[in-house]
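Good morning, colleagues. Please turn to the sequence and the structure on the screen.

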Amino acid sequence: MTSRPAAGGGRWVEVDPTRVARWVEGFAGRHGPPTTTDAGYGLLLAAPDGATAELHTPPGAPPTRDVPEFVAAAAEPRRIGLLLARKGAVAVGVAVGEELAVSKVDTRYVQGRTAAGGWSQQRFARRRDNQAKAALGDAAELAVRLLLPEAARLRALVCGGDRRAVDTVLADRRLAPLAALRAERLLDVPEPRHAVLVAAIAGARAVRILVRDAPPDAA
């Protein structure tokens, strides 16, 4: 389980699908038995002391009406596409449940930044930009070959890495069926490698929960 502060207050918690039921039990034990409301993002748990927990439906899972349904749907072994992109590296794959069924990683050299100035720096920047564009073009071709044939069977496409790089790859018209499956979630991952792709499966399946504690003046 991971936790980080949320913009606007509270904290985001990421929980493995198999541990959501236990997490909800712990929340009820700390704050009292909550009421459950079907919300657009998933379920809202509101405790008697004023604390709330927003259970966001993980990518590819269906809408649910209560906690038992939510837990069952989150743990289901869904077929999910993965697209990770940063600079000159891309990793694509298809996960079935917690297993990586299909995968491919590709890297292409993109020069780093330079402290040089003047005309040389401008020429260097153009060369670097061209290298990055070529790398993302290769990434789109890889997605066409590996992910596009799977589009009809995928429940969602989860992306990670640099948002601009991912947007550029999915801007390819041929990938429109995949873009339509893209989940809102963007995984924060390092430069894509096979191990990073495998680790991304857990992030793609995790249940994100926004927790807000009871206000200090709550009765």
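This is a predicted model: local features need pLDDT of at least 70, side-chain atom pairs count only at pLDDT 80 or more; totals for chains, interfaces and linings use all residues.

Residues are numbered from 1 along each chain as its sequence is written, and side-chain values use heavy atoms, with hydrogens and water left out.

Helix H2 covers residues 67-75; helices (H or I, at least four residues) and strands (E, at least two) are DSSP runs, numbered from the N terminus. Its buried residues are Val67, Phe70, Val71, Ala73 and Ala74. Buried means under 20% relative accessible area, exposed over 50%, and partly exposed in between, with a 1.4 Å probe and protein chains only. Seen down the axis of H2, the buried residues fall within an arc of 170°, so they line one face of the helix; the arc is that of the directions from the helix axis to the C-beta atoms. The face turned away from this buried side carries the exposed residues Pro68 and Ala72.

Now to the charged pairs. The whole structure holds 11 salt bridges, each a side-chain nitrogen of Lys or Arg within 4 Å of a carboxyl oxygen of Asp or Glu. In one of them, Glu141 pairs with Arg174, the closest N and O atoms being 2.8 Å apart. Glu141 lies in helix H3 and Arg174 in the loop between helix H4 and helix H5, so the pair ties together parts that are 33 residues apart in sequence. Arg174 also forms a salt bridge with Asp172, at 2.9 Å between the closest N and O atoms.
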